[in-house]
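Please keep the sequence and the model at hand while reading.

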There are 2 protein chains.
Amino acid sequence: MSGATNPLTEINVIDILRQRCGGAGAGVMLGIGDDAAVTQVPAGCELVTAVDALVEGTHFLPDAPPGSIGHRCLAVNLSDLAAMGATPHWATLSLSLPAPDRAWLMAFADAFGRLAEGHNVSLIGGDTVRGPLAVSVTLLGTVPKGAAVSRSGAAAEDRIYVTGLPGRAAAGWRQGAGKLPADMSMAELYRQCFEYPVPRVRFGIELAQLASAMIDVSDGMAPDLGRLLKASGVGAVVDIPDLGCLQQDFGIATARDLFLAGGEDYELCFTAPAAADNGIAELAKRCDVPVARIGTVTAANGLRWRHNGVDISGDVPAFEHFVA
Amino acid sequence: MSGATNPLTEINVIDILRQRCGGAGAGVMLGIGDDAAVTQVPAGCELVTAVDALVEGTHFLPDAPPGSIGHRCLAVNLSDLAAMGATPHWATLSLSLPAPDRAWLMAFADAFGRLAEGHNVSLIGGDTVRGPLAVSVTLLGTVPKGAAVSRSGAAAEDRIYVTGLPGRAAAGWRQGAGKLPADMSMAELYRQCFEYPVPRVRFGIELAQLASAMIDVSDGMAPDLGRLLKASGVGAVVDIPDLGCLQQDFGIATARDLFLAGGEDYELCFTAPAAADNGIAELAKRCDVPVARIGTVTAANGLRWRHNGVDISGDVPAFEHFVA
């Protein structure tokens, strides 16, 4: 229609994305370029679908590198699928751009394409419109029938684990926004954790056979573990782990806040029965993923946080405030 | 993370959407509320995926009724799936909102939900962020294996058909934008065609057994039929049909422009061999969808437009300019 996006512009943008990210991957019968894509879900599998959007100002600063945006818009969805134990396959991308900028788009598409390729993900649909910078990705994957790991399977006495060290990405974001000093030795690491998070894809897929419940840590440990416990109808006692570089760089109070309420790390928080202890340790070693056991599920509701043996629950917002 | 959307706000928005549109429909094992949704693709079927976004200023005016936006963001994707002959099942919605506005959101969700319900579509994923008004929907559906109708199957001598009268929606848009007079008798119809287009879902699904190629008319007949012919490697001779009320209200030149380059109608343009003539007529009657036969596919490339017996191709932008 006359008021719509210039078709030529839109087509150029989609062409660039298709060339960089639209490889005809596994199960793709018909990719980008028709009214819709056609794909084949492997026999005996269920479809797993996640959607996540990034918007300038909320999820990235106006001067964020396009590669970081291209990486993160896919990474956050890979992390959602990993938290279900699902294998990613196909993505759709909806991109709102203020003005066609070929260099920006190439860098965006390169980063998106690199991450997609690394996980055998094909871009099967794209829509680009003229507007304020925003990206939304829907990612489709599969799990063997009945094998998806939801948030609701945690049982009393299960152990609670987390990968990596949540809080580092938020340190990078706050540094970039001028809210934390950026002159310490680990500044570059924090920036990297925020701009190019590494979703735990393979680990999540293999963990599906061991975990009783799982969630990815996108908003911080307090709200996200809170959501898992609420969905499972249980409580927990958790010992905040060694906060390492975060505590050295920012002091205990800030480090704890970054861990509990930081977000954007895309680590996996999960529960498993004691019998899975060895399996988890082996899997962590095989995937080269640091995993810390941080607590125990309780039949009684409520989430108690301890740090260095001291109960600090009074300083942590009650998780009920956050849960969906 | 600290810079992110207020979790409470986001959760309220998703709750409203879930209540209005997130009914656990067919094949939904796990809906909104976990890291990702889990659904079951029926045995013997392939997955069909479309994505389309609407942005303020480009696809709707700043004062557009929220119900129209809620309706259209799903309708445009229903139309894409219809153009593949696919049955819609599940949708994800990515919504960027300037500020939480409960009344706006309720009207949006009501219209989205009503249309979704009418087509047995379940909302299985939602992400809401704070930002300029924009909506992106990814719609998932299925077709029996190998039955999807692409753009590329048209063959010489096939007949060319179109449903409805493309151009009326664009008339509504131009009226609303003050670019066409809005004082004629059909003004309300044009507005309705633009704000609440009716995707040809059932007709498209049943047509899959008869059509050789299909596309939905989102950008106007010239670019969209051009895309179909290009994808099929053929040409066509087309007679512009009776432009009815468009010609009466706006004169022949504007009516023709609305038909050829208007867009936003979400009618179906398709080709079929002569043997399908009767089947198409019966199907049109059964679905109560007006269908006009407007031309014939030619082995030679090129698209010739005639109006009232006169070749007007020189006045129509060459379709190659538009094709992807």
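## Basis

This is a predicted model, in which local features need pLDDT of at least 70 and side-chain atom pairs count only at pLDDT 80 or more, while totals for chains, interfaces and linings use all residues. Residues are numbered from 1 along each chain as its sequence is written, chains are lettered from A and ligands numbered from 1 in the order in which they are written, and side-chain values use heavy atoms, with hydrogens and water left out.

## Cysteines

A disulfide is a covalent bond between the sulfur atoms of two cysteines. It is counted here as a pair of cysteine sulfur atoms within 2.5 Å, and the count over all chains is zero.

In chain A, the cysteine sulfur closest to that of Cys245(A) belongs to Cys193(A), and at 8.0 Å it is too far for a bond. Cys245(A) is buried (under 20% relative accessible area; exposed is over 50%, partly exposed in between; 1.4 Å probe, protein chains only), with a relative accessibility of 13%.

## Positive phi angles

Glu157(B) is not a glycine, yet has a positive phi of about 80°. Its place is the loop between β6 (134-144) and β7 (159-163) of chain B, where helices (H or I, at least four residues) and strands (E, at least two) are DSSP runs numbered from the N terminus. Glu157(B) is exposed, at 58% relative accessibility.

Glu264(B) also has a positive phi, near 75°. This residue lies in the loop between α8 (244-261) and β10 (267-272) of chain B. Glu264(B) is buried, at 3% relative accessibility.
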